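Good morning, and thank you for the time.

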Amino acid sequence: MASEGFLQPICLRWRLCELRWQVFIFLLSFSHIVSGQIRYSIPEEMKKGSLIGNVAQDLGLDLKRLRAGRARIVTGESIQYTELKTDKGILVVSERIDREQLCGDVTPCSFSFEIILEQPMELHRVTVEIIDVNDHAPAFSKRDIQFEISESATLGSRFTLASAEDPDVGFNALQNYVLTTNDNFVLKQHAKPDGSKYAEMVLQKPLDREEHPRLSLKLIAVDGGNPQRSGTVNIEITVLDANDNAPVFNQSVYRATVIEDASKGTYITTINASDADSGSNGVVAYSFSNLKKHLADIFNIDETTGTISVAGRIDYEKDKKFEIRVEVKDQGGLTDSSEVVIEVIDVNDNAPVINVMSFSSPVSEDAPPGTTIAIINVKDADSERNGQITCSINTNLPFKILSSLSSYYNLISDVALDRETTPEYNITITATDSGSPPLSSTRTLHLRISDVNDNAPLFHQRSYSAYVTENNSPGMSIFTVSARDSDWNQNARISYLLEDTQIGGTPVSTYISINSETGVLHAVSSFDYEQIKEFKLVVKAQDGGSPPLSSNVSVTIFIQDKNDNAPQVLYPVQTSSSLVAEMVPRSADVGYLVTKVVAVDVDSGQNAWLSYKLQKVTDRALFEVSLQNGEIRTIRQVNDKDAVKQRLTVVVEDNGQPSRSATVNVNVAVADSFPEVLSEFTDFTHDKEYNDNMTFYLVLALAVVSFLFITCLVVIISVKIYRWRQSRILYHSNLPVIPYYPPRYADTLGTGTLQHVYNYEVCRTTDSRKSDCKFVRPCSQNVLIMDPSSTGTMQRMQSEKSILDEPDSPLEQKPPNADWRFTQGQRPGPSGAGGPPEMAMGTGPWPNPPTEAEQLQALMAAANEVSEATATLGPGTMGLSTRYSPQFTLQHVPDYRQNVYIPGSTATLTSNPQQQQQMVMQQQMVAQQQALQAQPSEASAQPEPPKAAQTPASKKKSTKKEKK
């Protein structure tokens, strides 16, 4: 090593390198991820904790965002040289940075890493450039350089010197060589294609072995750093005898290629040099000149043949090209040098490397499609096509993978997730390069889906039925309901509740309680089948989610009967104060029904099936009881020897398990008379006060019933007498009848003031009940026929017959005498002319011809009585009714002359045949009464007029009397 004073005259001018901090920010946005890029420049060998830059300020982020987003540095598999202070937002040095160790000869030297923030995802790339510091001095690989130079070496002969190595770069790298002052050699410097420098000694003055057999020189290598550093090597020159010719390479530069996965011993190229000398001076040897240390392990050269081969592993990713200096030397020490350039061919020998930068697990099942699950970084050390990567995931998964930044991929959800269907996923990520053959690597992510309360509890059945026996103990378990929830954890924790319902107006909680955790139904109280046989309740299953979900189910509780009620005897009634005895006459035959024991059991089913048995009996051979119905009958003929007083004890037993029973005593008196019974049953005491009360009530009831009966009888008799007196008054009265005009008269001529349709009824006297007429024809069978000459009459079809026409009818009207019919001169006309004198004897309808007003009053009264049983009349012409065929003429109408003529009018008012008959009979009756009053002595000599038919009103009265 040269002293400082020695270096002072030859030192170069040093320049101080300023450190420049450069920040470049590029903001990108990919697939829901905000991205940015920052670049810093720092010197190497900074202390730990030294500030690199303010990340928060440079990225425009808030310190709260750094902490909330859990900002962190992701470096992959490389060493993390930096640290992020999230509380201050700055980036500091965390490890010693040696540029030479990190990058070697590569310049500029930098390393990159990523800063990731979550919620939302943000990815920022940070590149830190390492600026070289002059921390290395140039160094030679050997301490001494030996030369054997013939004294006959010609001037200008060159001798290559060993090169110094300086790991620094730029100005801090090797800048110059200095050779100590001497008379024989000068130093010439040369630059290699890669920028490195080497030196040669050039002989400028012939050597004289005799004068200086040995020469000692120093070669100094100086860099350009500040402070400046240097390295030295000793050069020892031995002067030999003369060797006139130096070897010469046939090429100045040799070029060759080798694949990176070439095996050891693989041939690369051969160098060749020639020497004009002969003998031992013409023998040459090949060697590497100034070969870097790490290259000595990769390549090998044969000294004799000059063949260069592979000696170690070649990695294209580390060195893409090698530049090697080779040297040839003859026996005389003369040398020549050349350069060999070896290019490495890339082979797809590196599979992609998958690094998970961020992974969110678990993910909520209600996460929307497009949610980022993971950020993945994929690297491939190969180049060109061998380094082109495609990333994919296994199929049939609800996810997809998208590229964001260079070599970064985002794993996002593609559809909505459902934890109940698939609670977890194994996502296999496959990265494949484009080499031939392609290489790939996989990484499996186990993703869990967190639950959301989106499923209500479900019962196993739509409804449940439970059975419990009555008289159960309170708190007894009756039934268990169960529901399931497809959710998980708290969302699937089910609580059971009873809905607030009423059972007969009583809350269901008074009957049943439920365990909220197990769903077990308990009886709150004891049940009684006789009071309630079944009831329904609603159970609600509710989960523990927020908000909670629930579902209901109906549970029917059936109460089963238990034989807890003994039979109850309804008859005979057992009292302590009175005696009830059944009498059996001594003439009773075998099978005589004495009495029947009636009992009931409030239980149901077999528990209510009753059987009857005789437990005690005075004479067992006389009576028996039916097993099923409790009838007590005699089993033999009663005789005089049988005791009057018989006592039977009947046991009524149900069919339950165990069975319950009741007994009843039946007293039977075998006697034909009541006094005989009293003499035998005098030993029984009676409660006098009770008997007195009973007698009072019986007498009172009998008096009330008798009074009501007599009152009703008196009322009925009074009504009958009143009606009879009214009928007698009407029969003997000569007063004119006040007409009643019903609302449905018909004016056949169309010139009157009456309505066109009217119904009327006939009013008869009390004697008319002797020959009542029945009107049973429907009203629709009658028509009102208008004679074109205004003198037509209402006719009746010959096919229709009245009850009066039936010969066997008990109410048949006697046919009138043939001489009774009106002659043309006897008919009342408009002038009111009367008939001959014989009409007064009862042979004509109008004896002592009445006035027109009297005739109209009589007609109206008759019409009023008959209106209830007659049909509605309507105006029309002959054959007008739609029920008769057009061929209907007067030939089909019987020639009845018993028509009623309205005085003062040429029209004839005609009703149906029944009404005609009634009108005829009414006229005969009135004429007969008037004739009898005028000439009572002559009445017996006249022929007997036909008896009047019974009117409907009188018929109703007679019918009521018959019923009463």
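Helices, of type H or I with at least four residues, and strands, of type E with at least two, are taken here as DSSP runs and numbered from the N terminus. With that understood, the protein chain contains 9 helices and 56 strands. Please keep in mind throughout that this is a predicted model.

Let me begin with the overall figures. The protein chain has 964 residues, of which 42% are buried. Its exposed surface comes to about 51,800 Å², and carbon and sulfur atoms supply 52% of that area. If we consider contacts between residues at least 6 apart in sequence, 69% of them join residues at least 24 apart.

I turn now to a group of strands, with β6 as the reference point. Strand β6 covers residues 90-93. Which of its residues are buried on each side? On one side they are Ile90 and Val92, and on the other Leu91 and Val93, so that both faces are covered. Two strands pair with β6. Strand β3, residues 51-54, runs antiparallel to β6 and is joined to it by 3 bridges; within this pairing, Gly53 has Leu91 as its bridge partner. Strand β5, residues 82-85, is also antiparallel to β6, with 4 bridges between the two. Here Thr82 stands opposite Val93. β5 and β6 together form a hairpin with 4 residues between them, and Gly89 in the turn has a positive phi of about 75°.

The largest nonpolar core contains 27 residues. Those with the most contacts inside it are Phe459, Tyr496, Phe527, Phe535, Val539, Val555 and Ile557. Several strands each supply at least two residues of this core: β36 (463-469), β39 (494-498), β42 (512-514), β43 (520-523), β44 (534-543) and β45 (550-560).

Side chains of opposite charge can pair when their charged atoms come close. Across the whole structure, a search finds 21 salt bridges. One of them joins Arg65 and Glu122, with the closest N and O atoms 3.3 Å apart. This pair links distant parts of the chain, since Arg65 belongs to helix α3 (residues 63-68) and Glu122 to strand β8 (residues 122-131), 57 residues apart. Are these two partners buried or exposed? Arg65 has a relative accessibility of 17% and therefore counts as buried; Glu122, at 10%, is buried as well.

A second pair is Lys400 with Asp414, whose closest N and O atoms are 3.9 Å apart.

Asp98 is buried, at 12% relative accessible area, while Arg96 is partly exposed, at 46%.

I will finish with two polar residues. Asn455 is located in the loop between β34 (440-450) and β35 (458-459), and at 23% relative accessibility it is partly exposed. What do the polar contacts of the Asn455 side chain reach? One, of 3.3 Å, goes to the side chain of Glu420, and another, of 2.7 Å, to the side chain of Asp454. Apart from residues up to four places away in sequence, Asn455 touches Glu420, Asp485, Ser486, Asp487, Asp543 and Leu549. The C-alpha atoms of Asn455 and Ser550 are 8.9 Å apart, although 95 residues separate the two along the chain.

The second residue is Ser727, in helix α6 (residues 688-732). Ser727 is buried, with 6% relative accessibility. A polar atom of the Ser727 side chain lies 2.6 Å from the backbone oxygen of Trp724.

Thank you for your attention.

Terms used. Residues numbered from 1 in each chain as written. Predicted model: local features only at pLDDT ≥ 70, side-chain atom pairs only at ≥ 80, totals over all residues. Heavy atoms only, no water. Buried < 20%, exposed > 50% of the residue type's maximum accessible area, 1.4 Å probe, protein only. Contact = heavy atoms within 4.5 Å. Areas by Shrake-Rupley, 256 points an atom, 1.4 Å probe, with all protein chains shown as cover. Pairing = 2+ DSSP bridges. Core = buried A, V, L, I, M, F, W, Y, C linked by side-chain atoms within 4.5 Å. Salt bridge = Lys/Arg side-chain N within 4 Å of Asp/Glu carboxyl O. Polar contact = N/O pair within 3.5 Å; in protein donor to acceptor, adjacent residues only side chain to side chain.
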